[in-house]
Each structure stands twice: as structure tokens, then as C-alpha cells.
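User: Could you walk me through this one with a few questions and answers?

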Amino acid sequence: MTTSTALLLADLTGVAVFAASGASAAVAKRLDLFGVVFVGFVAALGGGIFRDLVIDEVPPLAFADWRYAATAAVTASAVFWLHPQLARLRTTVLVLDAAGLGLFTVTGTLKALDARVPAVGAVVIGMLTAIGGGLGRDLLTAEIPVVLRREIYAVAALAGSIMVVLLSALGYAGAGGLTAAAVLVFVLRLVALRRRWSAPVATMRPPETGLGRPPR
Amino acid sequence: MTTSTALLLADLTGVAVFAASGASAAVAKRLDLFGVVFVGFVAALGGGIFRDLVIDEVPPLAFADWRYAATAAVTASAVFWLHPQLARLRTTVLVLDAAGLGLFTVTGTLKALDARVPAVGAVVIGMLTAIGGGLGRDLLTAEIPVVLRREIYAVAALAGSIMVVLLSALGYAGAGGLTAAAVLVFVLRLVALRRRWSAPVATMRPPETGLGRPPR
Amino acid sequence: MTTSTALLLADLTGVAVFAASGASAAVAKRLDLFGVVFVGFVAALGGGIFRDLVIDEVPPLAFADWRYAATAAVTASAVFWLHPQLARLRTTVLVLDAAGLGLFTVTGTLKALDARVPAVGAVVIGMLTAIGGGLGRDLLTAEIPVVLRREIYAVAALAGSIMVVLLSALGYAGAGGLTAAAVLVFVLRLVALRRRWSAPVATMRPPETGLGRPPR
């Protein structure tokens with residue numbers, strides 16, 4: 001298996017995993033078959049479409065290569081029919097989702113650097129590629145994006161995209177370094193899930209002090 | 001009347017119809033005059049803006065040709081002032097909306113093919129052009145997009161965009177074939193409305209079985 | 001201080017002010033530190049990213065110049081830690097927000113004209129640049145966009161973008177004229193806030209007359 005075949009397979013795995021997460025959310029909202037496939041599509045490909053628009057790679061890969069849309073549609077349909085079984089596979093989905101997060105972080109950041117986006121911009125684009133699909137999924141299902149509320153998710157992606165930019169600047173952005181960055185995101189995400197790590201929340205100091213609350 | 005004049009008139013009719021649907025939703029949410037016009041603008045032009053960004057036709061037609069923005073703004077304003085009468089015209093609006101859906105499906109798919117997007121991508125872009133405005137309308141008014149929840153809507157657009165791509169591949173994408181594709185979408189949508197067709201919903205097999213419900 | 005330095009400083013001031021508004025909204029929704037920074041980033045840079053995509057200036061300035069992302073991130077973090085004090089500075093924030101609105105209206109409209117977008121399109125793009133960040137902020141926090149519901153906000157931006165296009169058409173788009181347009185937006189917004197001006201709302205004539213309500 002060549003490197004580019006490996007990359008494509010890994011990329012499509014990420015698409016499938018995110019499609020499954022979007023489809024599951026849509027099933028929980030009682031969307032119909034089309035709605036489930038559509039939300040799966042957005043979750044799997046939304047981040048990449050945004051990335052490609054921003055770096056002017058048009059048409060975006062999601063439309064230029066049929067295998068992306070097909071993978072997302074088939075996976076989401078499968079979730080629609082199989083979701084009771086998937087519910088029992090929740091841990092597996094979380095692990096695969098973490099793997100997808102790592103992968104999309106690395107490819108998104110690399111593509112931005114290739115398009116000559118400066119370092120800080122590439123870091124942000126890489127992170128947005130990884131979390132963008134989940135954002136779209138939550139907007140479509142009328143939720144405050146989970147990624148903004150819970151746990152270390154985007155922060156793991158951010159750490160990975162910073163690592164890719166640093167590796168690239170130092171000339172170490174080979175297969176080994178990039179794999180290490182993806183693994184970093186993956187491990188950070190899983191450890192955070194396991195230990196219930198979260199970024200701090202400003203709960204102790206409400207912005208509207210005294211509005212109908214007893215004085216402290 | 002030349003073909004291009006006919007197409008422009010048809011296109012602006014679609015814009016007007018979708019602007020009316022967006023404005024009606026905004027009035028129902030008690031938005032102010034500006035909000036009504038804005039949501040009408042997004043519903044009428046959002047799908048086309050997305051399409052043009054994705055196929056790199058910039059600035060998008062909605063900004064490059066003033067007649068598009070003007071049609072959307074005038075129609076939405078008219079709805080703001082006239083909406084009690086429009087409420088009684090509900091059937092008319094649904095019929096026009098189905099016509100707009102058919103039209104935008106055909107023009108969106110054609111534009112994508114012209115921009116050398118491959119078949120599967122063109123199908124998806126054509127469908128997104130047709131349903132994109134309604135998605136934007138529902139996101140702005142904080143609803144789960146109706147298009148994802150009810151009835152055959154996006155599926156009709158999907159059937160039409162597949163037909164356009166097939167016609168184009170076979171060399172039959174002339175005026176007759178394209179009109180037939182638009183009529184297909186229109187008829188599918190109206191029949192679905194009439195017979196209350198829906199895509200299947202996964203109601204019978206809830207993902208979290210047994211959560212507070214009696215056993216079956 | 002040269003003109004371009006002045007413009008950059010003014011631009012970054014606008015970014016900081018909008019980042020603060022987004023971060024405040026995110027704190028009120030109990031988002032975590034990352035969520036607060038992210039919503040601040042979207043509020044500060046979302047309008048400009050949309051503008052740059054539409055006029056094909058890629059990568060958008062928000063990614064191409066690190067000072068934009070850095071300003072947004074630092075400001076949003078500061079709000080996260082300091083928000084009780086900011087709550088008492090509410091008037092100051094509103095005034096700065098009005099200043100940002102004026103500035104982004106002028107720069108957005110100018111950039112669209114520079115990219116050869118016709119007049120009506122440039123007016124719309126200018127207004128969207130100014131209000132786009134706030135829209136993104138409200139979508140992310142699952143609110144019907146405030147800009148669509150309350151007060152003269154987008155209308156002030158619209159007046160400013162029309163003025164810029166007229167000045168440009170007449171050959172008066174120098175520093176003086178542009179400053180006047182920004183001041184127009186600023187003053188309109190503040191006067192509207194002070195006098196509680198609003199665009200009209202269609203409250204008196206509900207679209208669904210008689211549905212379960214007593215006859216009038």
C-alpha cells in the first residue's frame with residue numbers, strides 16, 4: 001500500500017466516522033432518512049468544504065471526488081438502519097471519532113500550509129477543519145455546539161495543528177512527525193474523555209451579579 | 001422572448017418565491033422589517049451564494065447582478081405589509097415554492113457541470129442550491145430545518161439533479177430535457193404534499209430503548 | 001502615524017470590540033474557555049471571512065495576518081477572566097460596538113468596490129461584513145440573531161454602506177468622506193439605542209388569524 005493510498009483510506013475512515021456521529025445525532029432528533037443522511041454529510045464533509053473554500057481549492061474535494069460523498073452517504077444510511085446496535089457501540093464510536101479528529105487536524109493544517117497560509121492562520125484552519133463538521137451537525141440539529149461546551153475536543157485539535165506547523169517550520173513534517181501529531185490529538189482526546197477533563201468554565205463569577213439572586 | 005430572457009425571468013421568479021417563504025417565516029417569528037427582508041434575502045439567495053462560492057464564480061450572482069437582491073428585497077417587503085392576505089394564499093405559495101425548487105435544482109446542477117464538477121458533486125451541489133436558502137432561513141429563525149424533518153422536499157430536488165446529470169452525460173441537456181427535469185421536481189413535490197408522502201423516520205427503533213418507556 | 005497604520009489600528013480595534021461582544025455572550029451561555037475564545041473569534045472575524053470569500057480574496061485576512069486572530073483570541077480570553085468588571089462597562093462596550101459597526105461597514109463596502117462588485121452588491125456585502133460576526137455569534141449560541149430582532153443595527157450599517165457607494169460613485173471616497181460614513185453609522189446606532197428606536201414589527205396583523213383566538 002503506497003503512502004497516498006494509505007492517506008486516502010485514512011481520510012475516508014475519518015469521513016465515515018464523522019458521518020456516523022452526525023447520523024446518530026439526526027436519528028436522536030427524529031429526522032427522516034434524508035435528514036439523517038444530510039446531517040451525516042455535513043458532519044463528515046463540512047469542515048473540509050470550509051477548509052477548501054478558505055484556501056481556494058475549488059471545487060472542494062467533497063464535490064470533486066465522488067468517494068467522499070459516497071462514503072458519507074453510505075455510512076449515514078447504515079446508521080439509520082442499524083442505530084440500535086450502534087448505541088451499544090458507543091465507546092467504539094468515541095474512539096473512532098477521536099481518530100478522525102486527529103487525522104482531519106493533520107490534513108487540514110498541512111493543506112493550509114501547502115496553500116501558503118501563514119503559521120497562525122494554518123493552525124486555525126487545521127483546527128476548524130477538524131471541528132467544523134461537528135459544528136455544522138449541531139447547528140442543523142439546533143443545539144449549542146457540543147464542541148463549545150464540553151470536554152477537551154477542539155483544544156486537542158488545536159494542540160495537533162500547532163504541532164504540525166512547528167514540525168513543518170523545523171523541516172520534520174514527514175510521515176513520522178505527522179503521525180505523531182495525529183496520535184497526540186487522539187491520545188489527548190481519549191485521556192480527556194477518560195478523566196473527564198474540561199477546559200475551565202466561568203461559573204463562579206456570573207456576569208450579572210445580584211440580578212434576582214441573594215447577595216454573597 | 002429569447003431563451004436567456006426566459007431563464008432570467010424564471011430565475012427571478014424562483015428568487016421571489018423563496019424570498020416570500022423566508023419573509024413569511026420571519027413575520028411569524030415577530031422579526032422587524034429589516035429582519036423580515038434579511039431572512040427573505042437569505043432564503044432567496046443563500047443557496048445560490050453557496051453554489052457560486054463552491055464553483056468559484058465570484059462575486060456570486062446575488063451580488064454581481066442587482067436584480068437578484070432587488071427582487072428579494074421588494075418581495076420580502078411586500079410580504080411584511082401584506083402577510084394576512086398571503087396567509088390565505090398558502091396553497092399558491094406552496095405551488096410556487098415547488099416551482100422554485102425545480103428551477104433552482106436545474107440551474108444549480110447545470111452551473112456545477114459547466115464549472116467541470118464531476119457528476120456526483122454536481123448532483124449534490126444542485127440539490128444544495130435548491131434547498132440551501134430554506135436551510136439558512138430555518139437556521140436564522142432557530143428551527144431545526146424543515147427540509148430535514150418533513151415530507152419529500154430535498155429528495156425531489158435530488159431526483160431532479162440526478163436527472164440533469166444523466167441527461168447531460170447522454171447529450172440530451174437541451175431545453176426540453178431540462179424543462180422535464182424541473183417539472184419532475186415540481187410534480188414530485190406537489191404529489192408528495194398532496195398525499196403527505198414522507199421519507200421514512202426511524203421511530204420504531206429508538207436508540208435508547210427502555211429509557212422510561214414501558215417494555216413492548 | 002500613517003494612514004495605513006491608522007486603518008490597521010482602527011480595524012484591530014473593531015476586531016477587539018466584536019471579540020468582546022462574542023465572548024460576553026459565550027460566558028453568559030456558560031461555555032468553557034475554548035468556547036468563549038471561539039465565539040469571540042467568530043464574532044470578530046466571521047463577517048470579514050465571509051466578505052473575503054465572496055470577493056475571492058483568499059486566504060481571508062483573518063487567516064493571512066496573524067494579528068487578527070491574535071487580537072480576537074487575547075480579547076476574548078481577557079473577557080473570560082474579567083467579565084464581572086466588563087458587565088459594569090456595558091455602556092462602554094455598546095459605544096465601542098457601534099464604532100466597530102461603523103468601521104467594518106466602511107472597510108467592507110470599500111473592499112467589495114475594489115474587487116469590482118457592482119453598487120448594490122457592494123452595499124449588501126458591506127452591511128454583511130459589519131453584521132456577519134454578530135450573526136455567527138448568535139447562531140453558535142442558539143439564539144435568533146439579535147440583529148434581526150431588535151433596534152436599528154443592521155439598518156445603520158446599511159445606511160453607511162449606501163453612503164460609501166454613493167461617495168465612491170461621485171469621486172468623494174477620500175479619508176474625509178469615509179470617516180463621515182463611519183460616523184454616520186456610529187451616530188445612527190447610538191441615537192437608536194438612546195431613543196430605543198426600532199424598525200417596525202408586524203405585530204398587529206398575525207398571519208394565522210382566528211386560529212384558536214377570539215374573533216376581533
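**Helices, cavity and backbone**

Analyst: Happy to! The span of residues 9-83 of chain A is 85% helix and 0% strand, with its end C-alpha atoms 24 Å apart; helices (H or I, at least four residues) and strands (E, at least two) are DSSP runs, numbered from the N terminus. This is a predicted model, where local features need pLDDT of at least 70, side-chain atom pairs count only at pLDDT 80 or more, and totals for chains, interfaces and linings use all residues. Residues are numbered from 1 along each chain as written, chains are lettered from A and ligands numbered from 1 in written order, and side-chain values use heavy atoms, leaving out hydrogens and water.

User: How do the residues lining the largest cavity divide into nonpolar, polar and charged?

Analyst: In chains A, B and C, α2 (33-54) and α6 (119-140) each supply at least two lining residues. Among those nearest the centre are A:F50 and B:L139. Counting Ala, Val, Leu, Ile, Met, Phe, Trp, Tyr, Cys and Pro as nonpolar, Asp, Glu, Lys and Arg as charged, and the others, Gly among them, as polar, the lining has 32 nonpolar, twelve polar and no charged residues.

User: What is omega for the peptide bond from A:V58 to A:P59?

Analyst: A:P59 sits in the loop between α2 and α3 (61-64) of chain A. Most peptide bonds are trans. The one from A:V58 to A:P59 is cis, with omega near -10°.

User: What is phi of A:R30?

Analyst: A:R30 belongs to the loop between α1 (3-28) and α2 of chain A. Its phi is positive, in a residue other than glycine, and near 65°.

Technical notes
1 Å grid on protein atoms, 1.4 Å probe; cavity = no way out; pocket = protein on both sides within 12 Å on 5 of 7 lines; lining within 4 Å.
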